[in-house]
Amino acid sequence: MTTAFDGIRLGRYTTRNRVVMAPMTRSRAYGPGATPTELMAQYYGQRAGAGLIVTEGTQPSAVGQGYVNTPGLHTAPQVEAWKPVTAAVHEHGGLIFAQLMHSGRIGHPSVHGATPVGASAVAAAGQVHTAEGLQDLVTPEPLDDDAIRATIADFANAARNAVEAGFDGVELHGANGYLLHQFLSTNANLRTDAWGGTIEGRIRLTVEVAKAVAAAIGADRVGLRISPSNPFNDITEDGHRETYLALVDALNPLGLAYLHVGEGPDTEFTPQLRARWQGPLILNPYTPGSWTGPEALKLVETGEADLVSYGALYLANPDLPERLAAGGPFNQPDYTKAFGGDHTGYTDYPALAAA
Ligand SMILES: Cc1cc2nc3c(=O)[nH]c(=O)nc-3n(C[C@H](O)[C@H](O)[C@H](O)COP(=O)(O)O)c2cc1C
């Protein structure tokens, strides 16, 4: 029987196990110009025992930044500052992909000095943390055709930068209500041109970004994260099953390294998606009111997923695979330290050996 402690082929790599560190924004990129810090290198290095680390959402362009103190991959200093992070993970034999996250309409002019961009001039309901405190989300500037092409090029450029910075690959953030998900949705994308209107139109940006990034660094080191039926960040998806089946059909020929599913309330759709997707599938199961726990390892044993990703538990347990293998115990995550702050609640969670 295959277990979560067996390796698996992901694109051009073979992982050491099937326990993935899910992407988590931590807002500690305090270096000048949204650059990562030594503390971040320590944090990721501590977690190198994962089969794969997916970093926190990392903006591929200045306007793609949605939150304060998130890192970028669009300037030379950012590329340099990521090198100690990837080196710290490789020193311990780990694999690390950068999550490329363009936040689209989830953002604020005070974060990067410009109006956030989106599919259509539709603001998301809600507020965002800025340096000046919580502020209402604003109506985004709709991207025109040229700006969409430039955005695609930004993703490809950031992917090349990621490789230069030592990353093993990139994960495209198509989930949780950010730019690609906004285009996939039926409430944030009201366009009637080639980038909206129909299923083909709404999936087009994600497909074109995947193609451009695959052409830039090789499909075998590119993953995509999606979250069908997840309403986070004010997303509505009428007919989401048809949309995501069409997306998967369009992506299959590319041969991407993996599909990462952040499962939404429509859990019955997951097996359909898995059946249709021809590559490896990482599942972050739907666990309303709690976080993914040890029981999720069974998803690998039953074949419902090829790998399982952990957010909260990985945040709090740097040696999560060892702890899962031992049946625990687990440190509990302190969410008050999730976004911003110093090393506390970040690099000071003890490993089992030290506990
Ligand atoms: C502090 C925190 C930050 C997160 N940031 C991101 C992110 O940058 N990109 C992303 O795709 N998901 C992000 N997520 C979602 C996680 O990847 C994961 O899907 C979620 O925590 C549910 O999994 P869990 O129950 O294992 O924690 C974040 C979650 C947490 C707790």
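Reply: What follows covers the barrel, some strand pairs and a helix contact. The model is predicted, so local features need pLDDT of at least 70, side-chain atom pairs count only at pLDDT 80 or more, and totals for chains, interfaces and linings use all residues. Residues are numbered from 1 along each chain as its sequence is written, and side-chain values use heavy atoms, with hydrogens and water left out.

Me: In what order do the 8 strands close into a barrel?
Reply: The order is E3-E4-E5-E10-E11-E12-E13-E14, with parallel pairing, where strands are DSSP runs of at least two residues and helices (H or I) of at least four, numbered from the N terminus, and two strands pair if DSSP finds at least two bridges between them. From one strand to the next the twist averages 25 degrees.

Me: How many residues of E4 are buried?
Reply: In strand E4 (residues 52–58), 7 of 7 residues are buried, meaning under 20% relative accessible area with a 1.4 Å probe, protein chains only.

Me: And which strands does E4 pair with?
Reply: E4 runs parallel to strand E3 (residues 19–21), joined by 2 bridges, and parallel to strand E5 (residues 96–100), joined by 4 bridges. Met21 has Ile53 of E4 as its bridge partner, while Thr58 stands opposite Leu100 in E5.

Me: Switching to helices, at what angle do H1 and H2 cross?
Reply: The axes of H1 (residues 38–46) and H2 (residues 76–91) cross at roughly 20 degrees and come within 8 Å, the axes being lines fitted to C-alpha atoms over the stretch in contact, with angles from 0 to 180 degrees between N-to-C directions. The two helices are therefore roughly parallel, a term for angles under 35 degrees.

Key. Angles under 35 degrees count as roughly parallel, over 145 as roughly antiparallel, 65 to 115 as roughly perpendicular and the rest as oblique. Buried means under 20% relative accessible area, exposed over 50%, partly exposed in between (1.4 Å probe, protein chains only).
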